[in-house]
Structures are given as structure tokens and as C-alpha cells.
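Visitor: I would like to go through this model term by term. Please set each value against its cut-off.

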Amino acid sequence: MNTFKSFALMAGVATAALTGFTAASYADELVLSSWLPPKHPIVVGVMEPWAEQVSEATDGRVTVRILPKPLGAPPAHYDLAADGVADITYGLHSFTKDDRFLRSRIGQFSFLGDTATDGSKAYWSVYGGTLDAQAEHQGTKLLGLWVHGPGMFHNNQRKIEALEDFGGLKIRTPGGYIADLSQDVGITTQFMGPGEVFEKLSRGVIDGVTFPVEALQAFNLTDHIKYSMKVPGGIYNTSWFLVMNEDIWDGISEEDQAAIEAVSGEALAELAGGVWDAADARGADYIADKDIEVYDAPTPVLDAIRELAAKHEAAWADAVQETGFDGAGALAEFRAQTGVSN
């Protein structure tokens, strides 16, 4: 626990002892580092409502203050929480370059779900349950898991009608599975935070990006994209976490821990999924009259993606089996819950 927070908790306990109140009767303000734009749907529709729910559920004993600026770069956010620099953070598992979140990759594959709500609920159920996600989030209390809507392939060079059309394109990906899949088809991948995409795309540093449809509006990309390809269940997805520093969590009373858990977990997955689905619907409407051709992936492209995806899934399942879990079974259960087959 960081020094300031430790002092604050000890001071609260001492005050409680002197006044006769219990430790749970004083407010504990927790700081959440947020790296998305302040008006992004995840901030406005998920983080802010969740913070309000935490305050209401604990009768104001625990409050969450969302910082207007992040305490570090987006890829650093998991470690910011684990190391106690921030009390609470959210982020993408694929931003972390090591293998600590091996089992989380179940939420990144192709053909996972047609809505963020179904995908997020399945992700919490399967990764959060069957695959013991908490064990992979060392140093933190895992409060939430979700995925965004079906990932699409956007570029400003050409329509993808055959596998060869991917070759040579410079595409921003969020890392993880979609970066590997993109490299398989001859794409030059570049990693950067989503806030950097507009500048790089407008300057021609990259030719496109993998994003759900809402991002074209959220990051003001419509003037620099000409083709947007859809894949049933998504060509990829991203897996997200919400975590609290473990020592901070342990300093919260059992009563308030239970109250926070009640508005997190499955409830948070459904909230985040619904917010993302609504944002995708608005994004689709927004680009409908823009000079962007939105099209379904042709059958030859889909067949090629299925073949490559199957290899990545099998390799992942083998690696997961070595950790004592049934990855193939978990992935089948995930798709059974979302109703999507590959």
C-alpha cells in the first residue's frame, strides 16, 4: 500500500478508536487513473456510473475519484494498480507484453460474439470463473472483465477481397492475438495508444486500424478511412480489466467489499457490454452517410481467417493446458454462451 493511503487508513482507525465509531464509518476516497478521452463511452457510461454505484452501495464510506488525466501511459495501467501508484485502473490485457495474462486471450479471438453484452457476460463467466482470472491478476483485486463489440478491419487503401489484399498494409493493432493474425497475412503492425491513431492515420504513417465501429466516431477517424470490413462475431476482440490494488482492497471492511463486489463482476460486465453496444449503434449510424464503404468479409477471406484462427486457438489451448486448465473446452463454452460458431 502506498505511504499516503496507509497513513490515511491508520489515521481513520485511530480516529474511530477515539470517537467510538467503527472503521467502516469513515469515507475512504480511492483514486482511479483513466486514460481514455473523458467523453469516451467507457468513461461516461461505465467508469462514472460504477463509481457512483460504489458510493451508493457503501453508503458513502468508499468513494471513487476519477482523475482527469492518467498517471501513466495506457500500457502501464495494470502495473500502476499492482504497484500502488493508483488505487484503481482499467485497461487492455493485450497492452501487457509478457505472458502473465495467458488465459485472458480467450477474449481476443475471432468469431466470439455479435454483441459486446453477450461477449462481456461470457468473458466474466468463463475467464472469470472456469479459467480463474483472479489468479492471473496478481497484486490486485479483479473487479471487472469485459470485451468491446465485434472488431472490424478499417483501412484507406483498398477493399479486402482476397487474403493477398492484406499484404503490405500498415495497420495499428492493440497487440495480442490480432497483431499475430495480422502478421500472418502480411500486414506490418504498429502498436500505439488509441489516442495516437488520428495523428498517425492523418499523416499516412499507418494505412488503417483494427477497431470496433464506435471508434471511428470516438477518435474522429472518418475522414481518413475508406473501407470497413465486418466479420461475423468479430475479426478479433479486446479483453478489458478493472482492478484495485490488493492492499487497498484488503483495507476495506468485509461489508463494503461485499457491497463493491455486488456492483462489479457480472453486473459490471453487463453494464460495460450494453454501453459498448449502444456506442457501436451510434457509430454505425454516424458513418452511414460518410464516404466509407462498409462491407461483409468475402467468403474466401473468411475461410482464410478461420484457418489461421484455428491454429492460434490450438496453440493457445496447448499453452493453457500446461497451466492446468482446459482452454479448448473454455473457448467452446464461451461461444456456446454467445451463440456464435466459427
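Visitor: What makes Lys290 count as lying over the face of Tyr286?
Guide: Lys290 is 3.9 Å from the ring centre of Tyr286. A charge sits over a ring if NZ of Lys or CZ of Arg is within 6 Å of the ring centre and within 35 degrees of the ring normal. Lys159 is placed over Tyr295, with its charged end 5.0 Å from the ring centre.

Visitor: What kind of model is this, and how are residues numbered?
Guide: The model is predicted: local features need pLDDT of at least 70, side-chain atom pairs count only at pLDDT 80 or more, and totals for chains, interfaces and linings use all residues. Residues are numbered from 1 along each chain as its sequence is written, and side-chain values use heavy atoms, leaving out hydrogens and water.

Visitor: Why is the pair Tyr78 and Phe101 called edge-to-face?
Guide: Rings of Phe, Tyr and Trp (its six-membered ring) pair if their centres lie within 6.5 Å; planes under 30 degrees apart are stacked, over 60 edge-to-face, the rest tilted. Here the centres are 4.9 Å apart and the planes stand at 85°, so the pair is edge-to-face. Tyr78 belongs to helix H3 (residues 77-82), while Phe101 is in the loop between strand S3 (88-92) and helix H4 (116-130). Helices (H or I, at least four residues) and strands (E, at least two) are DSSP runs, numbered from the N terminus.

Visitor: What makes Phe211 and Phe219 a stacked pair?
Guide: Their planes are 10° apart, with 5.6 Å centre to centre.

Visitor: How do you know whether Phe211 is buried or exposed?
Guide: Buried means under 20% relative accessible area, exposed over 50%, partly exposed in between (1.4 Å probe, protein chains only). Phe211 has 6% relative accessibility, so Phe211 is buried. Phe219, at 11%, is therefore buried too.

Visitor: Why are H12 and H13 called oblique?
Guide: The axes of H12 (residues 299-321) and H13 (residues 327-338) cross at roughly 125° and come within 8 Å. Axes are lines fitted to C-alpha atoms, for helices over the stretch in contact, and angles run from 0 to 180 degrees between N-to-C directions. Under 35 degrees is roughly parallel, over 145 roughly antiparallel, 65 to 115 roughly perpendicular, the rest oblique. H12 and H13 are therefore oblique.

Visitor: Which residues make the contact between H12 and H13?
Guide: H12 supplies Glu313, Trp316, Ala317 and Val320; H13 supplies Gly327, Ala328, Leu331 and Arg335. Contact means heavy atoms within 4.5 Å.
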